[in-house]
Amino acid sequence: MQLTSFIDSLLIAGNVTVEGSLSLISEHDDRKCLKLLQRFYDEDILHMAAKPPAFDKHGALWAARHMYFSLQLTVIREITEDEIRQTLLAFNTPITPAAIYSADLVLRHLPQVFNLAKGLAPSDIMVTMMGETAVKWPFSSIGIKLVGEADEIVILSHPSLRIEYADRIIRAKDIKRVNNKNRESIAEALGDYATVLWPEFHELLSNTNTCTSTATILP
């Protein structure tokens, strides 16, 4: 049960042992891993604001497999780009609030894996592909400089995800992630403490408001 033990170590201990060769994942291992992810979901939702999205088995298992192979492929150097792309399959169903949150149970570790890959080989195909994943899954990729514009509509339209997303941006002080769409939710989360908790954001917000006011009074 390589996948299950990998995810168990990642979620519980925060560190993993990566094998030196790609391993097939059995259906039995998939089922065991899903039970583990369901249990972790049940614990994680206790810390979410508002009503969290439901558990999405497809999103959770896809993310587990994606992270499992991403780490292996980062370490294994003798695999071709075609083999990598055939192994790291894209998510093939709509990205719903449930899929975002369920995938995030594992994908929240993407920034650390991305930094590892970037440190080993900055121009490697794995860095490129993880960057693509970061754009597609912005809820889980805070701290990664995005190459491309992320679609945050589903995140910002769901109360629980919207609050958590703002909190993550604030905790990471990822000013590059602030944009016109999420600025309001970040300001709401900071409240009257923006100048203390995140002075850089307060300055950005003040400058934005000044520009807006100036544009309004001009003939």
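The legends below describe an overall view and several close-up views of one predicted model.

In this predicted model, local features need pLDDT of at least 70 and side-chain atom pairs count only at pLDDT 80 or more, whereas totals for chains, interfaces and linings use all residues. Residues are numbered from 1 along each chain as its sequence is written, and side-chain values use heavy atoms, with hydrogens and water left out.

**Overall view. The chain is built from 12 helices and 0 strands.** Helices (H or I, at least four residues) and strands (E, at least two) are DSSP runs numbered from the N terminus, and the order of elements from that end is α-α-α-α-α-α-α-α-α-α-α-α. Along the principal axes, the C-alpha atoms fill a box of roughly 65 × 40 × 30 Å. Of the 219 residues, 45% count as buried, where buried means under 20% relative accessible area, exposed over 50% and partly exposed in between (1.4 Å probe, protein chains only). The accessible surface comes to about 12,000 Å², of which 56% belongs to carbon and sulfur atoms; these areas come from the Shrake-Rupley method with a 1.4 Å probe, and for residues only the protein chains shown count as cover. With contact defined as heavy atoms within 4.5 Å, 70% of the contacts between residues at least 6 apart in sequence join residues at least 24 apart.

**Close-up 1. An aromatic pair is formed by Phe6 and Tyr68.** A search of the whole structure finds 9 aromatic pairs, a pair being rings of Phe, Tyr and Trp (its six-membered ring) whose centres lie within 6.5 Å, with planes under 30 degrees apart counted as stacked, over 60 as edge-to-face and the rest as tilted. A pair of aromatic rings is described by the distance of the centres and the angle of the planes. For Phe6 and Tyr68 the arrangement is edge-to-face, with 5.2 Å centre to centre and 75° between the planes. This pair links distant parts of the chain, since Phe6 belongs to helix α1 (residues 2-13) and Tyr68 to helix α3, 62 residues apart. Both Phe6 and Tyr68 are buried, and together with Phe69 they form one aromatic cluster.

**Close-up 2. Ala50 and Lys51 are found in the loop between α2 and α3.** Leaving aside neighbours within four places in sequence, Ala50 is in contact with Pro159 and Ser160, while its C-alpha atom is 8.8 Å from that of Leu161, a residue 111 positions away in sequence. Lys51, at 70% relative accessibility, counts as exposed. Under the exclusion of residues up to four places away, Lys51 touches His158 and Ser160, and the C-alpha atoms of Lys51 and His158 are 9.2 Å apart although the two residues are 107 apart in sequence.

**Close-up 3. Asp104 is a buried residue of helix α5 (residues 97-107).** The relative accessibility of Asp104 is 0%. Not counting residues up to four places away in sequence, Asp104 touches Phe139, Ser140 and Arg168.

**Close-up 4. Ala121 lies in the loop between α6 (110-120) and α7 (125-136).** At 16% relative accessibility, Ala121 counts as buried. When residues up to four places away in sequence are not counted, Ala121 touches Arg77 and Val127. From Ala121 to Trp137 the C-alpha to C-alpha distance is 23 Å, for a sequence separation of 16 residues.

**Close-up 5. Helix α10 (residues 183-190) has the buried residues Arg183, Ser185, Ile186 and Leu190.** Seen down the axis of α10, these buried residues fall within an arc of 165°, so they line one face of the helix; the arc is that of the directions from the helix axis to the C-beta atoms. Just after α10, Gly191 takes a positive phi of about 60°. In the loop between α9 (159-172) and α10 lies Lys173, which has a positive phi of about 50° although it is not a glycine. Lys173 is partly exposed, with a relative accessible area of 44%.
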